[in-house]
Amino acid sequence: LRYFVNHRLVEAQNGYIVELYLDQQLNEFSLEFLGLLKKGDIPQKADNLERAVEAYIKEKLPGLTVKAVNIMLGSLLLASIPISHLYASEKNAEKPGSVQSEKGGIGGVQESEEQELETPTPDIDASNEQASGKTDAELPSKSSAVTPTPGQPAISPNIISNPGAILVLVNKHNNLPSGYVPQNLVVPNVSFSFKEYDEKKQMRKEAASALEEMFRAAKADGINLYAVSGYRSYARQEAIFASNGRKYGLEKANQFSAKPGQSEHQTGLAMDITCTSVSYGLTQRFGSTKEGIWVKENANKFGFILRYQQGKESITGYQYEPWHLRYVGKEAAKEITERNVTLEEYLGAK
Ligand SMILES: [Zn+2]
């Protein structure tokens, strides 16, 4: 059984970190592997995996000084294995999962994030932090004859070159660079669905001002909106996606939950909003409330679009999300709304 379909080299001190990409068709294996990581217990499957890693490196990368191996599923880091471990005679010395869980990645989901998972939201974040911004040459395997999962690239999507642009397009094909954190994050002065400070209250300054303006106008019309979730860091997205993957299976999870590097929330330009009649939840029912209808009709006047529209799932890659607002500026928002197109279509037409 061949586990890996591709690899990428990341320069490290005195050698390379090899990212090995799992065949996304191997859902069963991937899930089992995730499950094993969660339990912190890697018996038979891990041995198989290690043998597969050794075989891959021997065949494809002979003579290369390898420092560590990262096991990737798309942009999701499943495990990091120090190479010394692979060749150690003591197989039990260190478990592949332990490196990752110490970083708070897989298995490091906080209670508050689990809450969000009840009502899944898509997200985007930078890619693997260990790559630290380096996007070294990809070396696709010649023997790779795997059909990618429909609607998403199997491996290594484009890395966005203008992450700070207001009209930046982030989706399953276009990922934010690793470690990207927007400048000028502030907490908008609006009502939130919760009280305490949280990183996710933040947005970029221009988006925050626009949100304040929109919430004020809504209130004047008798519409009370509540902000739920704005900026989300890479690490947080990684934890959310891993948790959703465990809960729903990776394929299903990817329909509503973004992989790290693929969440629009990492731009600081997105905000999920809600209202009291849906109990502050992020649910499609929000779209039929008077608040949801007001937002659909008025958001564009303040520079926001409903990013994930009904009937556009095949273009955006995500289900209908009446609660997810994306700031694009007034001019673009007006045109996108009037033409009833997605950001993908709008930018493609430009
Ligand atoms: Zn969202």
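Buried means under 20% relative accessible area, exposed over 50%, and partly exposed in between (1.4 Å probe, protein chains only). The model is predicted: local features need pLDDT of at least 70, side-chain atom pairs count only at pLDDT 80 or more, and totals for chains, interfaces and linings use all residues. Residues are numbered from 1 along each chain as its sequence is written, and side-chain values use heavy atoms, with hydrogens and water left out.

Q: Is Asn184 buried or exposed?
A: Asn184 sits in the loop between β6 (174-175) and β7; strands (E, at least two residues) and helices (H or I, at least four) are DSSP runs numbered from the N terminus. Its phi is near 55°, a positive value in a residue other than glycine. Because its relative accessible area is 55%, Asn184 is exposed.

Q: Which class of accessibility does Tyr280 have?
A: Tyr280 belongs to the loop between β10 (270-274) and α9 (290-298). Tyr280 is not a glycine, yet its phi is positive, about 60°. Its relative accessible area is 36%, so Tyr280 is partly exposed.

Q: Is Asp198 buried or exposed?
A: The loop between β7 (185-186) and β8 (203-204) holds Asp198. Since its relative accessibility is 15%, Asp198 counts as buried.
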